[in-house]
Structure formats: structure tokens, C-alpha cells
Amino acid sequence: MERHESRMEMLTESVKSIAFKKQQITKVFHKGDEVEVASQVYGFVGSYYEATIVSSIGAYHYRIKYKNLLTDDESAPLEEMFTSAAIRPVPPHQDETMSENGFRLYDMVDVFANDGWWFGFISGKIGEEYYVYFPTTADNIAYPRHVLRFHQEWSNGKWIVLPRQGKIFDLH
């Protein structure tokens, strides 16, 4: 149990450092590009929202239109302006075989919930549901496998899948 708590603390710090860092400006985006936008709003740090580039506004600034977030009156998709440090391309689709054996304890994942992708790590499994711990909000919530993806980082102009952190769950 002590080793589990130590591992949880180590991963918590790792996830926080990744979630709070700014993206490197390594890509110029164009109108119509599908992207993900990082939130730096308190309580939402570590979440990414799908969007489309509407236009470029000067050097390294873009107007985006969210895919799932709406205006306050819910009449249209929300549009906002961001620097390119908050924008990344959409990660490549993950082959179903990547998770056919399931996720492992401590794997870093993204969960699609509340209209966006939230960054955390697998903290447990009960039945067919995986518990994901979110260090930036201190929530530990169960999810079915179909809303999870392995977390990937956009670094130096390419996608990096983070190394797997743990063992396959022992169900005996």
C-alpha cells in the first residue's frame, strides 16, 4: 500500500508538470485545421477541447471554434482567441489493439468527459470500469474503457506516447 501511495504521488507531480507547461510553438495552423485547445482556467487545467481554426490573427494567435462547447445561450459553437502555445494538432487516432488488453495501473490517459479530454492516470479498476485520478482537480472517477485513450504529448513537432507505467491488473 505504501508503494502504491508513493507511485500515486510521483505520477501526480508528473501529470501536474505536463498539464501546466505551455506547448512549444512548432506548428503554424491554417483555417479549417482540426486542433485541441488546452484550458489554463482554474479547475480545467489538464483538459483539452476539440476545435477548428477559424482564422489567424497576427503572429501565433488564432481564432478557434469549439466542436463541443457552446455560447452562453447555447445557440452556436463558442469561438475564442488563443495563442499557439495553447493549441496542438489533434492526436493521431489510436488503434483499437493498443488497448485490447485494457489499460494498466498507472497508465497516463485522457478521458472524454464534460465536453473535453481530461488528463490523468489509471488508479484502479473495478469490474469493467477504470478509475482515473486527475491530479489537477484531485478527483478519482470511474469510466468505461470506450471514453479513454492513452495520453500523448505534442513535442518538437511530433506526437509522443508516454511509456506505460504499471502492470496488467491482477483480477484474482
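Me: What does buried mean here, and what share of the 172 residues in the protein chain is buried?
Reply: Buried means under 20% relative accessible area, exposed over 50%, and partly exposed in between, with a 1.4 Å probe and protein chains only. This is a predicted model, in which local features need pLDDT of at least 70 and side-chain atom pairs pLDDT 80 or more, while totals for chains, interfaces and linings use all residues. Residues are numbered from 1 along each chain as its sequence is written, and side-chain values use heavy atoms, without hydrogens and water. Of the 172 residues in the protein chain, the buried share is 42%.

Me: How many of the 11 residues of strand S7 are buried?
Reply: Strand S7 spans residues 116–126 and is mostly covered. Its buried residues number nine.

Me: Which residue in S7 is the bridge partner of Tyr48?
Reply: Two strands pair if DSSP finds at least two bridges between them. Strand S2 (residues 47–56) and S7 pair in the antiparallel sense over two bridges. The partner of Tyr48 in S7 is Trp117.

Me: Which residue takes a positive phi in the hairpin of S7 and S8?
Reply: S7 and strand S8 (residues 129–134) are antiparallel and share five bridges. Ile126 stands opposite Glu129 in S8. The hairpin has two residues between the strands, and the one with a positive phi, near 65°, is Gly127.

How values were computed
Helices (H or I, at least four residues) and strands (E, at least two) are DSSP runs, numbered from the N terminus.
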